Each structure stands twice: as structure tokens, then as C-alpha cells.
Amino acid sequence: MEKVYNPKDIEDGIYREWEKSGFFNPDKVKGQKSRIKDYRKRQAFSMVMPPPNVTGTLHIGHAVVLTLEDIMVRYHRMMGDDTLWLPGTDHAAIATQTKVEKLLKEKEGKSRHDLGRVEFLKRVEEFTAESKATIHKQIRKMGSSCDWSREAYTLDKVRSRAVREVFKKMYDDGLIYRGLRIVNWCPRCASTLADDEVEYKEQEANLYTFKYSKNFPVSISTTRPETKLGDTAVAVNPADKRYKNLLGKEFDVDFVGQPLHLKIIADRGIDMNFGTGAVGVTPAHSFIDYEMAQKNKLKIIQVINEEGRIVNAPQYQGLIATESRQKIVAKLASQGLLEKEEIIKNNLSVCYRCGASIEPLPSKQWFISVSAKFKVQSSKIKGIKKGQAVSLKDLAITAVKNGQIKIFPERFNKVYFEWMKNLRDWCISRQIWFGHRLPVWYKQKSEARNSKSTPMFSPYSPTSRGIGGDRGGQNPKSKLDEEIYIGIESPKGSDWVQDPDTLDTWFSSGLWTFSTLLDKDFEKYKNFGKWLQKSPDLKRFHPTSVMETGYDILFFWVARMILMTTYVLGEIPFKTVYLHGLVRDEKGRKMSKSLGNVIDPLTVAEKYGTDAVRLSLVLGAAAGNDLTLSEEKIAGFRNFTNKLWNIGRYVLSQTEEQKNRETKEQKVSKFFGSSVSRLCERWILSRLNSVIAEVTEDLENFRFSQAGEKLRSFTWDEFADWYIEISKVEKNFQQLSTINQQLLKLWHPFMPFVTEKLWEAAGGAKFLMIADWPIASKKLINKKAGKDFALIQEIIRIIRNLRAEFKIDPALFVKVAINAGAKKPLLGKEVAIIKHLARLESVKIVKSGEKPERSISAVYGGCEIYLILEGLVDFEKEKERIQKELDAAKNYLAGLENKLKNKDFISRAPKEIVGGEKLKLKETQEKIRKLKDYFAGLKNF
């Protein structure tokens, strides 16, 4: 073996061998396991990889996902479970189209409209193919042992077929409908967004207080005066006495040149303390106002279109919303209607993809009703019966509330239920070209068929979706609603035109757990139901075992998978949801390019090794909590990787000569049998089996960080620092080798590369990744051996501390006497270990005795330990040295005390500086105390 572990020379080759073996595929692992478990019955363990977007490279968040999931998969594979980890990628429609459009503009100066839909989509396919290849390489670099033979893509043939089947099923059940509703519209992306795709950015904004006109009795406050061009009411709280006499009254006003008809209405949701307590109601541009309009039968007037420009207001027609705001405010001021202007903080709604301000506006779109009732065709969900009338929300809430889906950490249950409770109908249509085209066709009318003009559904004006519009465009869909076809394939005949919109990406990824397990040969099944019932992998691996992802995607994706799967299959998509936190820098900040604190997982993997990166992403990170990461932390785990390598090298070098004497099975049998007599062996076996039991339990219960910390402590603090050192005296190399093999197995899920290489070097059979997971033996967990060995350890530590206290050269051998009392027989048997590890020339162990001359002592566990200093220390020189160190410390303390008494320093210096000086004061006081105690002890010599 090489003296130094070099990941660059090893990792890629090991991964190629793993992949070549075929053992990532559960079908190939069958029959490879060397034992049939009595630990538990063989069961399926399955996960589908959260599909990374095909828009670029993996980031540190992906690395966390890949690491945690690979730990689970490798553990369950070694446990003998029927283990599948299915990889895939997401077409990420909006992000991918935006990326390709940007590249097209930069390289060719063209837009997608210049190319046309067909040619543009070819460019997108080329981009995604190249991007997927890059992502695959990066996933492999992280050591991910996923089954590449089952790889899926949200836009491939199987997933596309599943999407169309589910769309039709939901439409037939009355859950998908087309309607005119308020949607979140991104003017830059020119598409709708789902509610949870809207982000909120805190900002300072102007709050304007004004009257619509001089004859209007109420003043209102708003940050967006331009939307008031479409107001149809003013809402007040029914408990607000100021406006009680105005309720129900109607007024015609001239608002900065725009005629409005306003009704005073009551709504309990109005905050009486905000502004004037009266709010202008704009039904076309606010979800809340739209609901008030429905209750009060108010007119809906759209005044902002999909380009973010004013419509239906002649004096401001075509202006960007912010431009019209300036004009409106200026006119209000000139008319004496502007009463107040103040700065407040509020949340601006922005697009999660491009950051542009969101415009709520009315649009004819496709929606999924989450509250409509339908009859369940089949159900494996506790509390839901076949034939029962339920809604999608009912299914999703019940599946978590009844405990069939467990969310870790549990605090996210409350968040999940709150989100479900407030869930509105899901807008699923998007006005982009890339993605799953809606399986919807419209019958053209006779005048359209006879027209020589371009087809109705070549890119039409986006304003045609709304109410009115500055271009006066007709809504082509409204003319075609009389005849509509929803199907898996296009309808027969030449008079049908397919809807140009695509589906929200989350629709296809919401089917991910089961669509990835469907039989690829879908054409052999008579219908969708048979395809679902007969697909072998679906029966074998669904529901999946775990869905591991970041807590920030709980609503984007996890909740949608629960909605869609419980509806389509009548069963849960996964049994457990494990949510990890965000990765932050050492200062607790989010990683961003602007801060320059982004850590590229592939760059640091190249520098420090993948195993080190994986450990840094797991240890110190509890479920749902954010993780701090720095290069220093990764470098520290590289040092641990090297430590494990050096342990393996040492063990291999010491056991080489015994290789041909006995088979490994004989060695293991002998070592793990009942004939073990040495205390150190009984102790290390007890500790090993305790660690096996604890780590196994931790992994079963998703306590990955705790498992890793326990392994690290055992490996470094007990195995390396104690047992390996003892082996140099007691020559127990056979036991050493066996323990090392078990340790490699325990570490393999966390550190697959270095452990596989060490396993190979030690002559391990086949691959470590399909070796049997260690099973703890309760018989070998020996509390007495642990207690006895702890006494030996503490005596050795005490001797080392006494040596350090008098600064005795570590290379020197010293003399020790121990009055051991009842522990004399125990210490007598272990005298060789004590001498070796404490570097003793001699040790005298008696039951009781006098204190030796010129010695220092300590007492522990009924034993008096004496370190004899004769010939080792010049006491007069030592007194002089300590006195000088004491005087210097006192002078330093006086300076600190004077600084902290200075009021100018305390008031002007930053808090962290003052705090640092106070800490130095405490540390110096403690140092002086110890020096005084030490000096007092020297007076006895």
C-alpha cells in the first residue's frame, strides 16, 4: 500500500469498478449476500433521487442530498435489504427555457420567436443532453451508488405518458378545470407561477394616504396607487365605528381621470390599525380582493396586463406600472387629495427564478382543484375508504396525520398542516414552450378552418388571456371552448389545435415516486389502471422508503407528491420524509456568489477527497437544522481520512505474515468466541459491539451525525490511541485485523472510497459495498471489562498528566509506584500495558505503602499513583521559572484590569472587542491560580 492516501489516484477507478460490477442494481445483488439474516426479514428499501435540474452543475445542497441518501442506500444494501436508489433529472421548464433563451441571445442575438417552436425546442434538447452528461459525472464523483440502469427524466417517454394519463384521469374526475382566476404572473418569464414559487423580499416602500376624489368620504392607504385604477369597492372592518354609517353605500368618483364606481363593504380581515383602516379593493390584482369580490358580487376590472403595463385606463395606457404610479401620485398632490406619504417596510412578491416583481392578475388558465370532492377508487390510506368522497387536501392531510407518512424532524408536521389548510387551487398551465404540452385540443370553428390566416395558436398576444387588453385581442380559447378534447394522443381529424401551454414542472415531478417505477413498455397494457397494477418495480418498491430533501422544498415538491400519489394510487408515496437544513458558511450566512462564500463540492472533492467532503456534510448536522461549512472543516476530515488509511496500513503490515496460517472465518470465529481472556480484548470487543449496536440504531432512525460521531470517537480515541498501541505489546494482530474489518464495514456508508480501497488491500472478498453489515453480539458487551479497563486508562492518563505538569521530556522513562488496594491483582495483570503506554522504567504495584520520597501523587478509583521525580527535575530552577511566569502573568492581568476600568474604552470599543478582553481577564486569572498551586507544591521539595 502507498504511504499516503491520494484520492485523485483512487476514487474514479473505484467508482468504475463498482459500476462495472452491476451491484448498484438490486437485481444483480440478489444471491450475492453471504448470509441469510436472522436479524430481520429481507425487505425492500427504495428511494428516488430528488432530480437535479438540467440547467447546470450540482451545488453544495445537491452534495448533501447525495451524501445522506448514499449513506442510507449503502447501509441497507449491506443489511441485505432489496435496495434501490433510482436516479433522475428534472427538465425544470422555466429555468431551462430561460437559460437557453439567454444563451441564444448572447451567441446569436436571436429570440425563441425568431427560431420558432420546433427549432427552439431542438436547441433546448441539445442543451439538456449536454447538461445531463455533466450532472451524471458529478453525481458519480460524489460516490452515489444509484442504479443507472433505471435512470429517469421527467420529460422522457415513460414520464410523459404518465403525465398525460394522470392529466386525463384528473380531468375526468372533475379535478382539473379551465377557468378565469387570479394568478401569479411573472412579466419577465411571461408565465404563471404557483403560489409557493413566489418568494418575498423585504423592502422599504412608500405608503400613500389619499382620497379618490374630494366628494369621497373615506381616505385609503396603499403602496400601489396605480392598481386603484381598477378599484370597485372600499373595505372596512365591520367593527370599525368610524365607517359604520357608510356600509353598503355606493359612490361614483373621478380618480385622477379614471371613472370608478365604489361600494363600501365590510370584511373582518381588514386591519383597523393599518393606514386609515379602509382599503381599496382591486379584485383583478389581489387574491384577497378577488375573494371579497366573489362574496360581494363586485365587478372585476383588469388594469395591468401580462407585460406589466397599464390597460383600460386611457390617460395611463401603455405605461409601466411604476411610471403610472409617479403620474398618479403627482396628480393626487396637485388636486389636494394626497394626505400623507411615509416610508414603511413590506414584503415584495418576486419570481423565484428571475427575481422580477410578481403581478397578480386575472387569466384563463388550467387549475387543479384541491378542495373538490371525488370518489376514491381504491385506498390503502388509513381512515380513507374505497368509494368515499374526499378532496385532494383530505388525502394529503390524512396520510400524514394518521402516521403513515412520518416527517423528520417532527416540528415540520405543524408547518405542513398549516400549508395544506391554506392551499388554494393549483395553477398548472405555463406560457412557455419547453415542457409537457397540455394534452388538450380545441376544435376550430368553420370560419377559422376556411381562413387563410395563420393558425389561431401561433404565439398569441398574452393579453388575450385576461379581461380586456390594450391590443383588443380576442381570447382564442374562449371561442373554442364549445368543443374540447382531453386525451393521451391527439384526436383524429385536421380541425383540432393543441393548446400551446405547457404544464407546471411540479406536475410531472409530483408523480416522481411512482412514475419512475412504471414499466417502460407501457404499450403492452390495455389502460392506465393495468399499467399501474402490473408494473413489476412499482409492486416491488412502492411506496418508497424515504424521501430525503431540504426543508425548503417541503411545499414545492414533497407536498405535491403526497397530493398526486394518494390520488392516483390510493397509497402514500413514501413512508418517511427526512428534511435536511441549508448549508451556510462559518459565519452562518447563506452561500451566494455575491458574498463570495460559495463552496463548490466538486472543487473541494478534488482538493481534499470525496470522503472528506461527505463527512463534512454529515457530522455536526442534525435533521432540519442548518449546517455550517468551511474549507477548514473539510480539511479536518481529510486528516481523519488519512488517519483511517494509516490505521489500515499498520494493521495490514502487522498481519501480513499470518495470512496463510488460518482462513478469515477461523480468525473471526476464534476472536469472537468465548475463549477471549485478555482484558484489552474483552474491552475492545465490548466497545466494538456497543458501537455496532448504537450506530445501527442511529442509522435506522436517521441519526446520521450521531452515528458518524460515535464511529469517529471509537476509531480515533479507542481503537487507534489505545488498542493499536496495546497490540504492540501484546501482539494481538489477529484480533486487530478482525476489528479493522468490522470498522471498515461500519465506515463504508460514510466513506465509501477509502474503505473500499482498504478492504481490497486487506484481501476482502468481492466488494465491501455488498459485504454483510456487522451485527452486535449482546454476549460480548461486557460492562465489567469496560469498568476495569477504564481504571487502567485513567491511571495511564494521570501518569501522563503528572509528567506534563513538571514538563518531563516525553522520551524519558520514569518510575512510578502505585498503592492499588483491592485493585492490585487487576493492575498486576496489566502491568505491561501500563509500562508501555505511560513510558515507565519501572512500576511498583503494592496493596498499600508509604509515599515515596520526592514524588508527586494523584488518587483515583481507590488507587494512589506516585510519580517519582528524583533525578528528573531541578527543583530550584523550576521554582525560578515558575516565579518568572507568575510575575509576567500578574503584570499582564494588571494591564487588562486597567483597560476594563477605562470608561472611554468600554463605551467606544466594539462589543466583541470588550468581550474578548473580558475573556482574556478570566483566562489570565485562572492561569495565575494554577501557577500558584503548582508553586506551592514545589515548596515541598
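## Legends to close-up views of a predicted model

**View 1. Lys-297 lies in the loop between helix 8 (287–296) and helix 9 (321–334).** Helices (H or I, at least four residues) and strands (E, at least two) are DSSP runs, numbered from the N terminus. The model is predicted, with local features requiring pLDDT of at least 70 and side-chain atom pairs counted only at pLDDT 80 or more, while totals for chains, interfaces and linings use all residues. Residues are numbered from 1 along each chain as its sequence is written, and side-chain values use heavy atoms, with hydrogens and water left out. Phi of Lys-297 is near 55 degrees, a positive value in a residue other than glycine, and Lys-297 is exposed at 78% relative accessibility; here buried means under 20% relative accessible area, exposed over 50%, and partly exposed in between (1.4 Å probe, protein chains only).

**View 2. Arg-854, not a glycine, also has a positive phi, near 45 degrees.** Arg-854 sits in the loop between strand 29 (840–846) and strand 30 (855–860), where a relative accessibility of 37% makes it partly exposed. Most residues other than glycine have a negative phi, and most peptide bonds are trans.

**View 3. The peptide bond from Phe-408 to Pro-409 is cis, with omega near -5 degrees.** Pro-409 belongs to the loop between strand 17 (406–408) and helix 11 (412–421). A cis peptide bond also joins His-542 and Pro-543, with omega about 0 degrees, and Pro-543 is placed in the loop between helix 17 and strand 24 (544–550).

**View 4. Lys-526, Lys-530, Lys-534 and Lys-539 form a positive surface patch.** Patches are made of residues with over 30% relative accessible area and no salt bridge, like charges being joined within 9 Å. Lys and Arg count as positive, and the place of a Lys charge is taken as NZ.

**View 5. Arg-74 and Asp-70 form a salt bridge whose closest N and O atoms are 2.7 Å apart.** A salt bridge is a side-chain nitrogen of Lys or Arg within 4 Å of a carboxyl oxygen of Asp or Glu, and the structure holds 49 of them. Arg-74 and Asp-70 are separated by about one helical turn, because they are 4 residues apart in helix 3 (residues 60–79), and both residues are buried.

**View 6. Asp-626 and Arg-584 meet through their side chains in a salt bridge of 2.6 Å, N to O.** This pair links distant parts of the chain, 42 residues apart, with Asp-626 in the loop between helix 20 (610–618) and strand 27 (627–628) and Arg-584 in strand 26 (residues 583–584). Asp-626 is partly exposed, with a relative accessible area of 28%.

**View 7. Arg-703 and Glu-697 form a salt bridge in which the closest N and O atoms are 3.8 Å apart.** Arg-703 is partly exposed at 27% relative accessibility, and Glu-697 is partly exposed at 46%. Elsewhere, salt bridges that share partners join Asp-27, Asp-82, Asp-147, Arg-150, Asp-537 and Arg-540 into one network.

**View 8. Cys-427, at 6% relative accessibility, is buried.** A search of the whole structure finds 0 disulfides, a disulfide being a pair of cysteine sulfur atoms within 2.5 Å. Cys-427 accordingly has no such bond, and the nearest cysteine sulfur, that of Cys-186, is 13 Å away.

Terms used: Patches are made of residues with over 30% relative accessible area and no salt bridge: like charges are joined within 9 Å, nonpolar side chains (Val, Leu, Ile, Met, Phe, Trp, Tyr) within 5 Å. Accessible areas come from the Shrake-Rupley method with a 1.4 Å probe; for residues, only the protein chains shown count as cover.
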